[in-house]
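Please open the model in your viewer and keep the sequence beside it, so that each selection below can be followed in both places. The tour goes from one stop to the next, and at each stop it says what to select and what to look for.

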Amino acid sequence: MRDKTILVLSWFTALLLAGNLAIILLVLPDEASQGPIFRIIFFHVPVAWTAFVCFFAAMISSIAYLAGKNLKYDSFAAAATEVGLAFGAANLLTGMIWGRIIWGIWWTWDARLTSMLVGWIIYAGYVMLRRAIEEPTERARMSAVVSILAFADVPIIFFSIKWWRTQHPQPVVYGGGFMAPGYWYMLFLNWIPILLLAVVLLLIRMRQEQTGREIDALRREVHAF
Amino acid sequence: MFAMLIQTAGFTPEQYKNNFVFLFYGLLTAWLVLLAFVVMLAARERKLTQEIERLRLMLEDRGPK
């Protein structure tokens with residue numbers, strides 16, 4: 001049943017993404033001051049939002065694990081963090097390429113870019129920590145704590161462009177920045193398939209976590225002999 | 001139409017081309033990162049399947065406790 005859901009959702013996501021890509025490249029006009037490169041915003045921003053949603057879900061799930069000690073919550077947190085990391089990497093790299101054209105530099109240590117990189121490294125540390133601990137309940141407990149603490153960086157990333165003067169432009173969503181309505185609409189329209197893609201990857205990763213738990217149980221059974 | 005777009009944006013043809021090439025790099029990079037993650041997932045899936053098969057065979061070989 002889950003395999004079928006993943007397959008249907010994958011095809012639906014692929015169709016939506018292809019349709020959106022056609023609109024972004026062929027229908028939407030160039031932005032007046034930035035030219036064609038501005039279209040990267042339709043991926044750069046939604047992948048960042050998706051990463052934040054994943055990290056938020058991981059934090060909630062980690063709290064649920066610490067409260068109930070159910071390993072399913074730990075599996076969900078691990079899956080959501082890994083998916084979030086992939087989308088976070090896509091955000092950082094597309095931002096660098098956009099910055100190279102608009103600012104003339106690949107990278108600058110301003111508050112937004114630095115806090116995003118720091119957040120990404122912290123979550124990468126979470127993944128490494130999980131690999132370093134063999135015992136499932138100990139691994140779940142330690143990583144839940146790290147996940148909750150790591151989420152403290154997400155509001156800093158989000159509001160950094162409001163709190164400090166940055167090279168990064170002001171937010172277009174919650175004030176300060178401006179974007180034409182056609183672009184605005186496309187930004188949210190493209191977030192839907194990107195979010196769906198994250199759900200597909202999350203479902204696949206969750207299934208793997210379930211298999212991992214089965215393996216842990218089988219190992220215990222093997223060692224019990 | 002293409003020439004009009006270039007003029008509207010105030011770019012030289014060379015700048016416009018460069019701008020478009022970087023858009024292509026950006027989109028390509030975003031998809032390559034996600035593709036790499038999918039490849040990683042597929043590799044892990046294969047490893048887990050092999051491991052679970054190995055453990056089941058081990059238990060079957062030992063027979064009932």
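Begin by selecting Lys69(A), which in this predicted model sits in the loop between helix H2 (41-68) and H3 of chain A. Most residues other than glycine have a negative phi. Is Lys69(A) buried or exposed, or something in between? It counts as partly exposed, because 13 other C-beta atoms lie within 10 Å, and a residue needs 20 or more to be called buried.

Next, select helix H3 (residues 71-102) of chain A together with helix H4 (residues 111-132) of chain A, and turn the view until both axes can be followed. The two helices pack at an angle of about 145 degrees, and their axes are 10 Å apart; the crossing in which H3(A) passes H4(A) is left-handed. To see where they meet, colour the contact residues: on the H3(A) side they include Ala78(A), Leu85(A), Asn91(A) and Leu92(A), and on the H4(A) side they include Met116(A), Trp120(A), Tyr123(A) and Arg130(A). Sorted by class, the residues of this contact are 11 nonpolar, 4 polar and 2 charged.

Stay with H3 of chain A and pick out Asn91(A), which is found in that helix. Asn91(A) counts as buried because it has 25 C-beta neighbours inside 10 Å. Which residues does Asn91(A) touch, not counting residues up to four places away in sequence? They are His44(A), Val47(A), Ala48(A), Ala51(A) and Met116(A).

Now move on to Ile133(A), in the loop between H4 and H5 of chain A. With 14 C-beta neighbours inside 10 Å, Ile133(A) counts as partly exposed. Leaving aside residues up to four places away in sequence, Ile133(A) touches Glu138(A), Arg139(A) and Met142(A). Ser143(A) is 10 residues from Ile133(A) in sequence, and their C-alpha atoms are 9.5 Å apart.

The following stop is helix H5 (residues 136-150) of chain A, whose 15 residues reach 20 Å from the first C-alpha to the last, close to the 21 Å expected at 1.5 Å a residue. Colour its buried residues, which are Ala140(A), Ser143(A), Ala144(A), Ser147(A) and Ala150(A), and then look down the axis of the helix. Seen this way, the buried residues of H5(A) fall within an arc of 130 degrees, so they line one face of the helix. An α-helix has 3.6 residues a turn, so residues three or four places apart point the same way. The face of H5(A) turned away from the buried side carries the exposed residues Thr137(A) and Glu138(A), while the cover over the buried residues includes H2, H3, H4 and helix H6 (153-163) of chain A.

Finally, show chain B as well, where 29 residues are in contact with 31 residues of chain A. On the side of chain B that touches chain A, the elements giving two or more residues are helix H1 (2-9) and helix H2 (13-62) of chain B, and H2(B) gives the most, with 24 residues. By class, this side of chain B has 19 nonpolar, 4 polar and 6 charged residues.

Key: Residues are numbered from 1 along each chain as its sequence is written. Chains are lettered from A and ligands numbered from 1 in the order in which they are written. This is a predicted model: local features need pLDDT of at least 70, side-chain atom pairs count only at pLDDT 80 or more; totals for chains, interfaces and linings use all residues. Axes are lines fitted to C-alpha atoms, for helices over the stretch in contact, and angles run from 0 to 180 degrees between N-to-C directions. Helices (H or I, at least four residues) and strands (E, at least two) are DSSP runs, numbered from the N terminus. A crossing is left-handed if the near helix is turned anticlockwise from the far one by less than a right angle, and right-handed if clockwise. Two residues are in contact if their C-beta atoms, placed from the backbone, lie within 7 Å. Ala, Val, Leu, Ile, Met, Phe, Trp, Tyr, Cys and Pro count as nonpolar, Asp, Glu, Lys and Arg as charged, and the others, Gly among them, as polar. A residue is buried if 20 or more other C-beta atoms lie within 10 Å of its own, exposed if 12 or fewer, and partly exposed in between; C-beta atoms are placed from the backbone. The expected span of a helix is 1.5 Å times one less than its number of residues. The arc is that of the directions from the helix axis to the C-beta atoms.
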